[in-house]
Amino acid sequence: MSRRIERRRARKGPAASPAETSLIEGIQDMELGAERQLIPFSSESCIEPKRTLDLFNEVLKDILQSPTLHDHVQEVKRALYNRDYMAAFDTDNKRFAYVSRWTPARALSYSSLFASFQAIKRLLADKDQKRKVLCVGGGAASELVGIASLFCRLKEFNPNSDSQLDVTIVDIANWSTVVTHFTSYIKSHWIYKPEKLNTTFIEGDILDSKVISNEGFDVDFITLLFTTNELFCAKRSETIKFLQRLNTNCKKGAYLLIAESAGSYSHITVGTKKFPVQFLVDTILVGKPNDDNGAWEIVDSSESCWYRINEKEVSYPMKLENMRFFFRLYRKR
Ligand SMILES: C[S@@+](CC[C@H](N)C(=O)[O-])C[C@H]1O[C@@H](n2cnc3c(N)ncnc32)[C@H](O)[C@@H]1O
């Protein structure tokens with residue numbers, strides 16, 4: 001904890017009001033964010049990386065042994081390289097190849113990232129609350145495993161409490177088999193009362209306003225991880241409208257996390273100029289710099305941070321990629 005927060009806590013005494021606690025945590029997150037360049041490999045608030053990889057080894061047992069897996073991985077790689085996102089995920093073979101190759105490292109990094117936000121930890125640690133999370137573009141289950149890893153570890157302290165996590169995943173590709181398999185493993189291995197963690201998969205285009213009703217955005221935490229760029233590339237004005245729907249329909253105090261590759265891969269061309277995608281998103285969500293009048297405020301961010309796999313601690317039959325990305329954690333005003 002920073003000295004500034006310690007001093008603040010000492011001045012205020014231990015019994016801070018919820019509003020004060022939230023403010024202090026916001027400052028704490030921002031202070032961490034300023035120096036945030038490395039997401040730790042693991043967190044004591046999450047299921048251990050080795051146990052997380054056990055999940056992948058078990059759920060994907062047959063696929064990891066399949067002689068055609070490598071070919072399907074190459075097909076996905078080619079499609080992603082060509083930014084042909086629809087072709088990348090249009091068959092179960094390709095979807096399971098993606099999940100085998102890329103989801104494990106992403107799930108590890110997302111659990112550690114989520115756990116590093118005091119605000120998200122506090123949200124899930126409350127033993128009396130039922131929380132709702134919406135993962136946009138989360139069909140490949142990285143976000144599901146990441147958030148479940150945090151919730152299930154925190155739930156170990158109060159296994160019989162009322163707290164509950166409902167995760168809704170919306171994705172344009174049909175990842176329902178993947179989500180069902182991962183959900184059932186998590187329910188049977190990671191949580192004492194399986195009914196306390198539930199998932200719903202919705203196959204649909206998030207840019208189509210009929211797919212999620214306005215009430216569907218009434219959740220505590222929304223994730224948009226490695227998906228925003230794809231949305232902007234596919235349909236720019238609809239993506240702007242989607243972000244504006246978040247401005248209108250999310251409730252006060254809700255959190256929104258956006259992450260994308262750091263660097264020029266995430267630049268969007270508007271007219272003749274190229275902008276980092278986060279500039280456009282910040283302008284829509286937070287408003288113009290210094291105006292301070294947007295629907296959301298940034299509580300934590302990094303322009304470029306690394307998540308690195310500790311290869312001494314874990315092994316997995318396929319490559320576990322290190323990740324470099326930018327992120328923003330927003331809170332609805
Ligand atoms: C690059 S993948 C990222 C997957 C995952 N979020 C992660 O970080 O591992 C992008 C995901 O967004 C989904 N997607 C793309 N366009 C979408 C849209 N219009 N509506 C919903 N999902 C979409 C894709 O099907 C894919 O699952």
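I looked up the handedness of the α13/α14 crossing, and it is right-handed (the near helix is turned clockwise from the far one by less than a right angle). The model is a predicted one, where local features need pLDDT of at least 70, side-chain atom pairs count only at pLDDT 80 or more, and totals for chains, interfaces and linings use all residues. I number residues from 1 along each chain as its sequence is written, and side-chain values use heavy atoms, without hydrogens and water.

Next I took the geometry. Helix α13 spans residues 236-249 and helix α14 residues 277-286; their axes come within 9 Å and cross at roughly 35° (lines fitted to C-alpha atoms over the stretch in contact, angles from 0 to 180 degrees between N-to-C directions). From α13, Ile240, Leu243, Gln244 and Asn247 make the contact. Val281, Ile284 and Leu285 meet them from α14 (contact is heavy atoms within 4.5 Å). I sorted these by class: five nonpolar, two polar, no charged.

Then I went to the whole chain. I find 14 helices and ten strands (DSSP runs: H or I of at least four residues, E of at least two). Of contacts with a separation of 6 or more, 81% join residues 24 or more positions apart. The accessible surface is about 15,600 Å², 49% of it from carbon and sulfur atoms (Shrake-Rupley, 1.4 Å probe). Of the 333 residues, 52% count as buried (under 20% relative accessible area).

Last, cysteines. Cysteine 152 is buried at 1% relative accessible area. Cysteine 250 is buried too, at 5%. I count zero disulfides (cysteine sulfur atoms within 2.5 Å).

Notes
Buried < 20%, exposed > 50% of the residue type's maximum accessible area, 1.4 Å probe, protein only. Nonpolar A, V, L, I, M, F, W, Y, C, P; charged D, E, K, R; others polar.
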